[in-house]
Amino acid sequence: MRRKDIAIGSRQNMLIVLLLIAVLIGCSDEEPIVTSPEVPDTEIENPDKEAEDPDTGTEDPADSPSVEDINYETKTFTLLTLEKPSYFASIDDVKWNVISSPSELFRISHLDAQTAMFVAANEGEYTLKVTGGDIEGKVIVSVAKPNKQPSPYISKVFDYMPAPGQFVNKLPEYEEGDTHSDMVRKANEWLVGKDAWTITLGGWGGYVVFGFDHTIVNVQGRRDFRINGNAFGSAIGRPGAPFGGSCEPGVIMVAYDKNKNAKPDDDEWYEIKGSANFSAESEPWYDIALEKGKDTQVIRDYEMIYHRPSSEEQNIEAQPDNPNSFASIQNYIYWEDNKNNSGYKVKNVYYNQSYYPAWVEDDKLTFNGIRLPENGINEGDHIPGMNDANVYFVLYGFRYGYADNYPNIHDNSAIDIDWAIDKEGNRVDLPGIDFVKIYNGVNQENGWLGESSTEVERGEDLHLLGKSIDTVFD
Ligand SMILES: [Ca+2]
Ligand SMILES: [Ca+2]
Ligand SMILES: [Ca+2]
Ligand SMILES: [Ca+2]
């Protein structure tokens, strides 16, 4: 209103208004809000423009050179690169700080770098301070709503390749003639949106890669996203046992679209450091697993090769009701790893389709990644005279940082992007992420339950869904 009056008024009126503003600012105790009508806040975008005609600078501290404010305009959920201001031409040591923000749901990354990155979930005006040498400048980022409201859920599946497992070729369903790209399309149809269906990643190493239609903001101190699975807790187990049931942890990788080509590239991935990515010794069930003779090592450079089965024909008399004779083919899918181990995946009486991905033409499949320790312990009681053997594997839960490891409604299934580390294991300061990869982290057979196989369902941006979950760090 006021601005419009100025625009249509005479030069004289304008002078009077300017004087009035000056008087008002002079009378106020508060920090002056600079709304100079000569600098419309829309001209922005190019922060490199030389400060034309520096102000007289009378209000600045004597030894701090005056510089013009820099303005940026951006949209919510969009990564913005904040370039080093041109007035720091010869200064390398630049620091960024947030002075005020209309919401907590934003991130500015690389605060000590010449170039910072900014992304916000809510619109409004974010005011930053940037310092270098004895110069201090102000950067104002105006964040507007995007033209289209982003989806809180997965928007696109880029790749899907399960390792052999009992739900492979079923979740999603393989049909005669399907190729790899047909199966990726099916995984896309099953995972995208709110009403997603469960897909299987099969045995260790099997993976899915997907993305969101916006950047999920890495809010400081909070978990940012969640990838649903079908983990559940079981009442069966030893007294006072830690959380366990069906916990089939999928290792999580994240990426943001550094080169802005709308897809994840090999050099864009970071690892979410789940609670056992380096060692399982802090897991609450570690001692139980050790005592039961489980393989509790974490192998960070693991590789497994699965071979196509020579036959799909049942060769054992299997009984669905007998927990000790569930196998229909004992030596079914031969596997070997890069640590001189080998073995066979078992085919069970409950699922008769091939467990080897039917669209794959190669006779072997190779996967790479972190191999987590064995978390499945037989907690069934053998009561002589009552039962031959009561077999019930409880798959204990890892503390945090995985998919399909804690129930979807539990805080421990939510992921903080600040858990991300680089290839050297150093924490990284990511502004947010666009892409997620999940692969099954456990190579384990659990009796009649079958192999540990991560399931993946709906993905959620927690901030877009209005969920606030505090983070944890070891
Ligand atoms: Ca966060
Ligand atoms: Ca599961
Ligand atoms: Ca990219
Ligand atoms: Ca499973």
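Helices (H or I, at least four residues) and strands (E, at least two) are DSSP runs, numbered from the N terminus. This is a predicted model, in which local features need pLDDT of at least 70 and side-chain atom pairs count only at pLDDT 80 or more, while totals for chains, interfaces and linings use all residues. Residues are numbered from 1 along each chain as its sequence is written, and chains are lettered from A and ligands numbered from 1 in the order in which they are written.

**Backbone to look at**

- Most residues other than glycine have a negative phi, and most peptide bonds are trans.
- Asn169 is not a glycine, yet its phi is positive, about 75°; Asn169 also belongs to the loop between S8 and H3.
- Asn169 is buried, with 24 other C-beta atoms within 10 Å. Here, buried means that 20 or more other C-beta atoms lie within 10 Å of a residue's own, exposed means 12 or fewer, and partly exposed is in between, with C-beta atoms placed from the backbone.
- Asp404, not a glycine either, has a positive phi of about 55°.
- You will find Asp404 in the loop between strand S21 (393-396) and strand S22 (414-415), and with 28 C-beta neighbours inside 10 Å it counts as buried.

**Helix H3**

- The twelve residues of H3 (residues 180-191) should span 16 Å at 1.5 Å a residue, and the end C-alpha atoms are 16 Å apart, which agrees. The expected span is 1.5 Å times one less than the number of residues.
- Met183, Ala187, Trp190 and Leu191 are the buried residues named in H3.
- Seen down the axis of H3, the buried residues fall within an arc of 85°, so they line one face of the helix. That arc is taken from the directions from the helix axis to the C-beta atoms.
- These buried residues pack against strands S8 (156-161), S9 (199-200), S10 (207-217) and S25 (455-456), where contact means C-beta atoms, placed from the backbone, within 7 Å.
- After H3 comes Gly193, with a positive phi near 90°.

**A three-stranded sheet**

- An open sheet of three strands runs in the order S2-S5-S4, with antiparallel pairing; two strands pair if DSSP finds at least two bridges between them.
- S2 (80-82) and S4 (106-109) stand at the edges with a single partner strand each, so one side of each is left without a neighbour in the sheet.
- S4 and S5 (residues 116-120) pair in the antiparallel sense over four bridges.
- Met117 in S5 is the bridge partner of Ser109.

Key: Two residues are in contact if their C-beta atoms, placed from the backbone, lie within 7 Å.
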